[in-house]
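Please keep the viewer open as you go.

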Amino acid sequence: MSSTWEEKVHKVTPYTPGEQPKALDVIKLNTNENPYPPAPAVKRAIADFDYELLRKYPDPTASGLIGVLSDTYSVPADQIFVGVGSDDVLAMSFLTFFTSGEGILFPDVTYSFYDVWAGEFRIPYETVPLKEDMSLDIDAFCRGTAGGIVIPNPNAPTGLDAGTGALEKIIKSNPQCVVIIDEAYVDFGAESVLPLIDKYDNLLVTQTFSKSRAMAGSRLGFAFGSKKLIKYLNDVKYSFNSYTIDALTQKVGIASLSDPDYFKMRCLAIINERERSKKRFRELGFDFPDSRSNFIFVHHNKVSGEELFKALRDNNIFVRHFEGERVQDFNRVTIGTPEEMDGLFDFLKKYLENK
Ligand SMILES: *Cc1c(COP(=O)(O)O)cnc(C)c1O
């Protein structure tokens, strides 16, 4: 008997994105989105956009956008790569740097897309357990034998910042492979390893417009690295899809970068609300790793992670709950506006009184 077409399908287990509830009267704290709108300049850029531009293919090099990123971050244009969200940047990076057949390393509790890409691209991997307190086990990443390393800093869903000293130790110990530091949340108070790209040509730093710039809906991410790294990344991109960033998104990205004061003000508001939320969680008996991101990973002795998740959901408050031995007792709560957080804490106070 000949085989069926279905036996030839590349079967993968997909990533499960957080729920996007249709109802509008919900408190949505489940996907680490920014609770504030993008910069006002973004609204103007959309209003002023010449729709006739859509007739032509967009600039495949996104040179305008890369030029502004170059000015904003003081990095030469040929050391910057852009993609359709940092998910696209990361997927392209896995494909470019991690397909040697040698095993790659990432933490056991981390962004749940890494093992999905590894599966998709048939990359062998090993997870490195976080320490008991959920911090990164730095030494375990310093073996110098990995085929690649990817670490988010701050880590998700813990929110913990490893510090640039520890990360530099990892990068320095692994000259045999590319080390990706995924800085999706770095703008909420952690220090970036960006300055280290001049020192280590195997370091790729990825960031995104989705969280700190409130543009998850636009799909825009970027990466910094040595000239060589960025060239290899572009070669793979151009052999896949030349026109990744559409014309409107290029304009909107430039507009977002044009207003650094607005950006800083909103990041600061979220940081302040996060610190206020830590105090309130603590008062209610929650414990959590000390987050430097726009979310807090909380646990309570009196109620299981899943039970709390469901109780919140029944009251139109959405947070994120993950399955898995080390994380199921927790819920990841995105920092919303002060009003949204008041709504959350009003509910929690009443809910915990009866526990
Ligand atoms: C949100 C997130 C990303 C990617 O987000 P994009 O919207 O694709 O830019 C990457 N890494 C981590 C750890 C994230 O939490």
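What follows looks at the ligand's surroundings and then at the nonpolar core of this predicted model.

## Around the ligand

Let's begin with the residues lining the ligand. They are G85, S86, D87, L90, Y111, D182, A184, Y185, T208, S210, K211 and R219. Sorted by class, this shell holds four nonpolar, four polar and four charged residues. Helix α3, which spans residues 85–97, supplies the largest share of the shell, with four residues.

## Polar contacts and burial

Which distances separate polar side-chain atoms of Y185 and T208 from ligand oxygens? For Y185, a polar side-chain atom sits 2.5 Å from an oxygen atom of the ligand. T208 likewise places a polar side-chain atom 2.5 Å from a ligand oxygen atom.

How much of the ligand does the protein bury? On its own, the ligand would expose 390 Å², and the protein buries 93% of that area.

## The largest nonpolar core

Now turn to the largest nonpolar core, which has 87 residues. Within it, F281, L344 and L348 touch the most other members. Helix α10, covering residues 338–353, contributes the most to this core, giving seven residues.

Where does this core draw its residues from? At least three come from each of domain 1 (5–38 + 261–353) and domain 2 (45–259).

Terms used: Residues numbered from 1 in each chain as written. Predicted model: local features only at pLDDT ≥ 70, side-chain atom pairs only at ≥ 80, totals over all residues. Heavy atoms only, no water. Near = heavy atom within 4 Å. Polar contact = N/O pair within 3.5 Å; in protein donor to acceptor, adjacent residues only side chain to side chain. Areas by Shrake-Rupley, 256 points an atom, 1.4 Å probe, with all protein chains shown as cover. Helix = DSSP H or I, 4+ residues; strand = E, 2+ residues; numbered from the N terminus. Nonpolar A, V, L, I, M, F, W, Y, C, P; charged D, E, K, R; others polar. Core = buried A, V, L, I, M, F, W, Y, C linked by side-chain atoms within 4.5 Å. Buried < 20%, exposed > 50% of the residue type's maximum accessible area, 1.4 Å probe, protein only. Domains from an automatic or database assignment.
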